[in-house]
Amino acid sequence: HGRLGHGGPRESRVERRLACRLMGNAWGQAPVVTAHLSLPCPGMWGLVNNAGISTFGEVEFTSMETYKEVAEVNLWGTVRTTKSFLPLIRRAKGRVVNISSMLGRMANPARSPYCITKFGVEAFSDCLRYEMHSLGVKVSVVEPGNFIAATSLYSPESIQAIAKKMWDELPEVVRKDYGKKYFDEKIAKMETYCSSGSTDTSPVIDAVTHALTATTPYTRYHPMDYYWWLRMQIITHLPGAISDMIYIR
Ligand SMILES: NC(=O)c1ccc[n+]([C@@H]2O[C@H](COP(=O)([O-])OP(=O)(O)OC[C@H]3O[C@@H](n4cnc5c(N)ncnc54)[C@H](OP(=O)(O)O)[C@@H]3O)[C@@H](O)[C@H]2O)c1
C-alpha cells in the first residue's frame, strides 16, 4: 500500500481491503491469501507492513480518540498483520519489512500521536528480529525521512480539517490558556511542513527491495536526507542534554 510502498492500481487495493472486510476483519489478510494457495502451502516469502496514517497536534491539543485511531493502524495493524502471516513466513524462512519512520527513532514536537506508534513499531520489530533469528526469518525496519511532499500523508486541506475539529473539541481550559493565536500559529507551521521534503521516493523503494531480496538484509534502513540523518545520529548517540541544547528552541 501507499506511495512509499508498492502501490498498485487503486481498484485492486480497494478490492483487497474489501475482501479483508468481508472476512469480518479488516486486517484478516492471511485467510484471504491462504484461500488462494494450493495446499500444502510452502509458505510466503515477504510481508511489508506499510499502511500508515498520521496526524499532528501538541499533547494538550490531542484527544485520546486520536491517539487510539493512529495506533490502531500504525501499531496494532502492524502487530496484527505480522501475527497473521508469521506462520507462512516462518515456513519459507522469509522476510518481514516494517515501515517505521525517522520519527520512530527521534521525537518531534506536535507529533506525539504518530511518534509513539512508530517507536512501538521499532520495539516490536526488534523483539521479533531477536525471536526469529534462530528460525531463519529476517526482520528489517525502514525509517523514511521526510517525503511529505511526495505522498498523501498530509495536504493543506487535511490539515485545516484536522485543525478545525481539534479546536472545536478542545477542553475550555486548554482553549483559554493557549488562545486561538498560539493555536493558529502552530497550524500555520504545520501547513508549511506539508510541501516540504523529498519528492523522490526511490530511496524508500530501494530500501524495501533490498530488505526483501538481499542475501543479508540490513536491520535498519535510513532513506532520508543528510540534515535528518545527522539530526537522528545526534539525538540517538549523544546525551539528551546536548541534543536538547541543539534542537529545543
Ligand atoms: N510520507 C512520509 O514522509 C513518511 C515518512 C516516514 C514514514 N512514512 C510511512 O510510510 C508509510 C506509507 O505512507 P505514505 O507516506 O506512502 O502515505 P500514504 O500515501 O497516505 O499511504 C498510506 C497507505 O496506508 C494505507 N492505509 C491507511 N489506513 C489503512 C487501513 N486502515 N487499512 C489498510 N490500509 C490503510 C492507505 O491505503 P488506501 O490508499 O487504500 O487508503 C495507503 O495506501 C506509512 O507507514 C507512513 O507512516 C511516511
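This is a predicted model: local features need pLDDT of at least 70, side-chain atom pairs count only at pLDDT 80 or more; totals for chains, interfaces and linings use all residues.
Local features were taken only at pLDDT of at least 70 and side-chain atom pairs only at pLDDT 80 or more, whereas totals for chains, interfaces and linings use all residues. Residues are numbered from 1 along each chain as its sequence is written, and side-chain values rest on heavy atoms, with hydrogens and water left out.

Helices (H or I, at least four residues) and strands (E, at least two) are DSSP runs numbered from the N terminus. Strand β1 spans residues 46–49, and its side chains alternate. L47 and N49 point to one face and are buried (under 20% relative accessible area, with exposed being over 50% and partly exposed in between; 1.4 Å probe, protein chains only). Strand β2 (residues 95–99) pairs with β1 in the parallel sense over 4 bridges, pairing requiring at least two DSSP bridges between the strands. Within this pair, G46 stands opposite R95 of β2.

T62 is located in the loop between β1 and α3 (64–74). Its relative accessibility is 12%, and T62 therefore counts as buried. Polar contacts are pairs of N or O atoms within 3.5 Å; within protein, one must be able to donate a hydrogen and the other to accept it, and residues adjacent in sequence count only if both atoms are side-chain atoms. The T62 side chain reaches the backbone oxygen of G57 at 3.2 Å, and a polar atom of that side chain lies 2.8 Å from the backbone oxygen of E58. Beyond neighbours within four places in sequence, T62 is in contact (heavy atoms within 4.5 Å) with F56, G57, Y67 and P113.

N146 lies in the loop between β3 (138–142) and α6 (156–169) and is buried, with a relative accessible area of 9%. A polar atom of the N146 side chain is 3.0 Å from the backbone nitrogen of I148, and the side chains of N146 and S196 make a polar contact at 2.9 Å. Apart from neighbours within four places in sequence, N146 is in contact with M102, Y193, S196, G197, S198 and W228.

The second largest pocket is lined by 28 residues, of which N108, P109, A110, K189 and R231 lie nearest its centre. Elements giving two or more residues to this lining are α7 (172–194), α9 (226–237) and α10 (240–247); α7 supplies the largest share, 6 residues.

Methods
On a 1 Å grid over the protein atoms alone, a cavity is a set of points where a 1.4 Å probe fits but cannot get out, and a pocket is an open set with protein on both sides within 12 Å along at least five of seven lines; lining residues have an atom within 4 Å of a point.
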